[in-house]
Amino acid sequence: MHVLPYLVAAYIFLTGCYGLATSRNLIHAVGCLAVCQSATYVLLLAVGYRDGGTAPVFSDMRPGSRPVVDPVVQALTLTDIVVGATVTALLLALVLQIAKRHGTVDPDELRELRG
């Protein structure tokens, strides 16, 4: 069972990548990119998991008497969630501006953007 979270993270990531590669809509592509990033949440939490671990609060016991989970990994996961939400909001704002200026969200119809 120790490999299951890594397989779930890989499945989520590959599902998002498949959706990103086959997307015909910029909004769908942003959603698939968010799914790809959600795989990092699962991966980070799988790395920081410890079997039988509890919260790292040492007010009622001495350190080292029981296994605890790594709080740094939890903090990185929360930071990843905030950054992911910010990037998704920025990309959706850009898609909204593209839709206003060009009247479409299909990447193939955006001929003015080609160099």
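Okay, let's start with the record: an unreviewed UniProt entry lists residues 6-22, 29-49 and 72-96 as "transmembrane region". UniProt positions here follow the numbering used in this talk, feature names are shortened, and annotations may be inferred rather than shown by experiment.

Some ground rules. This is a predicted model, where local features need pLDDT of at least 70 and side-chain atom pairs count only at pLDDT 80 or more, while totals for chains, interfaces and linings use all residues. Residues are numbered from 1 along each chain as its sequence is written, and side-chain values use heavy atoms, with hydrogens and water left out.

So what is the chain built from? The protein has 3 helices and 0 strands, in the order α-α-α. Helices (H or I, at least four residues) and strands (E, at least two) are DSSP runs, numbered from the N terminus.

Residues 6-22 are 94% helix, with the end C-alpha atoms 24 Å apart. Residues 72-96 are 100% helix, and there the end C-alpha atoms are 36 Å apart.

Now, how do the helices pack? Helix α1 (residues 4-21) and helix α2 (residues 26-48) have axes that come within 8 Å and cross at roughly 170 degrees. Axes are lines fitted to C-alpha atoms, for helices over the stretch in contact, and angles run from 0 to 180 degrees between N-to-C directions. That's why α1 and α2 are roughly antiparallel to each other (under 35 degrees is roughly parallel, over 145 roughly antiparallel, 65 to 115 roughly perpendicular, the rest oblique).

Who touches whom? Among the contact residues are Ile 12, Phe 13 and Leu 20 of α1, and Leu 33, Val 42 and Leu 43 of α2; contact means heavy atoms within 4.5 Å. This contact has 18 nonpolar, 4 polar and no charged residues. Ala, Val, Leu, Ile, Met, Phe, Trp, Tyr, Cys and Pro count as nonpolar, Asp, Glu, Lys and Arg as charged, and the others, Gly among them, as polar.

Next pair: α2 and helix α3 (residues 71-102) pack at about 175 degrees, axes 10 Å apart, so α2 and α3 are also roughly antiparallel. Residues that meet here include Gln 37 and Tyr 41 in α2, and Asp 80 and Leu 91 in α3. By class, the α2 with α3 contact has 16 nonpolar, 6 polar and 1 charged residues.

Last thing, overall shape. The C-alpha atoms fill a box of roughly 65 × 30 × 20 Å, taken along the principal axes.
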